[in-house]
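Visitor: Could you walk me through this model and tell me what stands behind the labels you use?
Guide: Gladly; let us look together.

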Amino acid sequence: MESNRDLDLDPNKDDLPLRANTNHMLVRHYVLDLTVHFQRKVIGGSIVLFLEPGVVSSKHGELGDISNTPVQNLSQVSSKHDVSSPITPEPNKVIPPEEPSCLCGGNDVRSVLWGDESEEFTLVLDCCDLTVSKVEELDVTTVPDLKKLDVDQQHANTDHQSSSLVQRLVSMPSLSWRLQHELYIQCSRSPTVHNAQPLRFHTDRWSLQIRKDGVCAPRDFPRAVRIWYETKLTGGSVRWTKDQDSRCCVYTMGSPINNRALFPCQEPPVAMSTWQARVRAPCDYTVLMSGENQAFPKPAETGFLQWDYYVTMPMPASTFTIAVGQWLEAGVKHPNFEVEKTDKPYKKELSVSLDNDDQQYVCSHMDYPCRFMASAARTQTVIPHRVFAPPCHLQKANDMVLPLLPLCLTAAHSVLGVHPFSRLDVLIVPSGFSSLGMASVLTGVRNLCGARLCHEIAHSWFGLAIGARDWTEEWISEGFATYLEDVFWSHVQKLGCREAEEQRQLKALLRWRRLSDELQNSEEELQVLRPNKENTGEVSESGASVVKHALNPEKPFMQVHYLKGYFLLKFLADQVGEEKFLDFFKVFVGKFHGQLILSQDFLQMLLDTFPGMSSRSITLEAIFSDWLDTPEMPEWLRDSCSEWLRTPVVQKVKEEVAKWIHFSGSAGKGSKRKRAGPKVNFKELSPEQLVLLLEFLLEEPMLSLSTLRLLQTTYNLQAQDAEVKHRWCELAVKHKHTAAYRDVEQFLIHDQAMGWYLYGELMVQEDARQQALARRCLSIIKDDMEQSACSVVEEMIL
Ligand SMILES: [Zn+2]
């Protein structure tokens, strides 16, 4: 525990370094071959990297000419944590048989021998908390099918032939992606170069560095490299936990360090690559991954099944996700994948033919089999989709999520056009502490669940198909998804214009209240949507950079990127009218899908499309200074809020609030007079209205016990969605309503992501029973919590 505290105090911890020297060398493709060991809570195996020397160097002359430049050491802090010994097995850990046990051959390089001043070229990969045991150069000349690519047979020298073959492989046109993938697999299994020493490597806290004796330029560096490694239990990329049925599972959880503790990779978003992954897991487990295909398991070694996934669209390594658990598929009678293989029409993957059948359409991204180019894909309103859940949530997944998905997908298609990806899996994961688990949205009526699905679907466009070139501009994915969530959801509900508008104003008001609360209670630095301002997107000569505040422990709890980003889009929509604004979205997506963007790419194109905006003083500079580069609440929002307060749906809530306050002040007083009190006719409210009602009531200094009781029975509060329950718990804590402490406890355990704020509330009143409740809940969930989140809460309650 003490040593963890030390790490927390590291001043370097707030910013996340991206060390990979992507300007010198780029990973074009990864082949992962991994096994999930549940007993040891370890994922281990190998990853093969297919590399290409950086194109950036061509600016200065020949390809690879500047390669002698030493890799910039961004982090000057050389604390004791930087020294690690990659080959020392941890105590009580058994090295698995598939891991090479021979660690000789120059592989054991201690930091003393690893001078930064080396003349040799260093391949730097982002990596932490991995036990790397060996790094090898592969001899791809042993792959006969690959050699056929080298039609000219011009390379006598094997070294050059190998490089040239990999170059041809990574440059294959997207039309031949199937052959290309087959060759990648064959190459990934090829032997190491005959008589060669393993490559030298060194790990420090944030990176894995690889060198080859005598190689001083990227162009001479091996192009196919295999790394043997295992994850560590302390690694932050995956979460080992129990599902809601108390069975083991493991999944990537949107960690601030992304995937670098799952596999060594190039994290800077510009390093877009494709991947293939084979993952072995025990037979009773299901492996889900963010691949484009739907994998069917094949028998592997005894007791294991293997699952193969791939993507053909180059994407940042951070978008890779995996979830392994004993999930069941909703809507399937016999949840046995091998039995159920055929039948369903969508199981047959829509094959994207690459003849550009729409001659008017031209993609601007690098070559990959793009769905925007295929008319069959363009007209597909609902893509193949599945829902997985642990058994206890299967019914809910079946009743609520499964029927909603096609509606949400259709809505998204009608707003934005072609789905960028060929399929969608939704998994009901346990509620994590810093991420809202899908399980949290399964209670109550379908509103929260539907909105959440719409949000996730919107990420296919904003977040995945179009990513942020600078990770500090998180609003590009979260602000857009929050804005589009409302748009999609009104489509699903088939609301009339007026009704839809009223609902959106109510949501805007709720978000305004949330934002305003957050802005008052957070560091100013964290309130800025474009923290790098005019330097956004800039990287060092090697391609390395630092993501500001990415590791700030408060950050996972903040929603400013979601909320302020959403309001900026709402503000812009107000300027041009929503219909035109959404038409513009379609055009924007057509132009920028498959690429990374900065805020200005979107804003400039918008301003160019609607020149009238600048005549109203809405310029790029004004948007930066009002919305993106400064903390606090933008001016426009202060004025709009009063308008949203006048909406009829909000007025109705106010009327109900008045009734409750009156009730509490008169007949509600004292439990004895309760029954004699006047019968109040409370009106039915939507879940969003209910949230607002409870928020207004939270502002009341006094509420009688009978009022709280009647509130609960009138709205059946403990059965409502997580947003409603959250406010109900706050009320119970504020007024020490002990009868509802059970609800508070359940909420803190099952809706961890939303509950963290309540811990503070429970402590602040210095009530012994409340404090005991907080400590009890934390002790129950502590083992499943991420370390940083746990520290934040411990700080509150210790
Ligand atoms: Zn395209």
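**Met702 and its surroundings**

Guide: Leaving out residues up to four places away in sequence, Met702 touches Ser664 and His735, where contact means heavy atoms within 4.5 Å. This is a predicted model, in which local features need pLDDT of at least 70 and side-chain atom pairs count only at pLDDT 80 or more, while totals for chains, interfaces and linings use all residues. Residues are numbered from 1 along each chain as its sequence is written, and side-chain values use heavy atoms, with hydrogens and water left out.

Visitor: Why is Met702 called exposed?
Guide: Buried means under 20% relative accessible area, exposed over 50%, and partly exposed in between (1.4 Å probe, protein chains only). Met702 has 68% relative accessibility, so it counts as exposed.

Visitor: Where is Met702 found?
Guide: Met702 is in the loop between helix 17 and helix 18; helices (H or I, at least four residues) and strands (E, at least two) are DSSP runs, numbered from the N terminus. Met702 and Gly665 lie 37 residues apart in sequence, with 8.7 Å from C-alpha to C-alpha.

Visitor: Which residues of helix 18 are buried?
Guide: In helix 18 (residues 705-715), these are Ser706, Thr707, Leu708, Leu711, Gln712 and Tyr715. They pack against helix 16 (648-665), helix 17 (687-698), helix 19 (722-734) and helix 20 (741-750). After helix 18 comes Asn716, with a positive phi near 50 degrees.

Visitor: What covers the buried residues of helix 14?
Guide: The cover includes helix 8 (475-493), helix 10 (560-576), helix 12 (599-609) and helix 15 (635-645). Among the buried residues of helix 14 (residues 620-628) are Phe624 and Trp627.

Visitor: What makes Glu523, Glu525, Glu554 and Glu795 a patch of negative charge?
Guide: A charge patch joins like charges within 9 Å, from residues with over 30% relative accessible area and no salt bridge (a side-chain nitrogen of Lys or Arg within 4 Å of a carboxyl oxygen of Asp or Glu). Asp and Glu count as negative, and the place of a Glu charge is taken as CD. These four gather in such a patch on the surface.

Visitor: How much of the whole chain is buried?
Guide: Of its 798 residues, 58% count as buried. The chain's secondary structure comes to 23 helices and 21 strands.

Definitions and conventions:
Patch = residues over 30% accessible without salt bridge, like charges linked within 9 Å, V, L, I, M, F, W, Y side chains within 5 Å. Areas by Shrake-Rupley, 256 points an atom, 1.4 Å probe, with all protein chains shown as cover.
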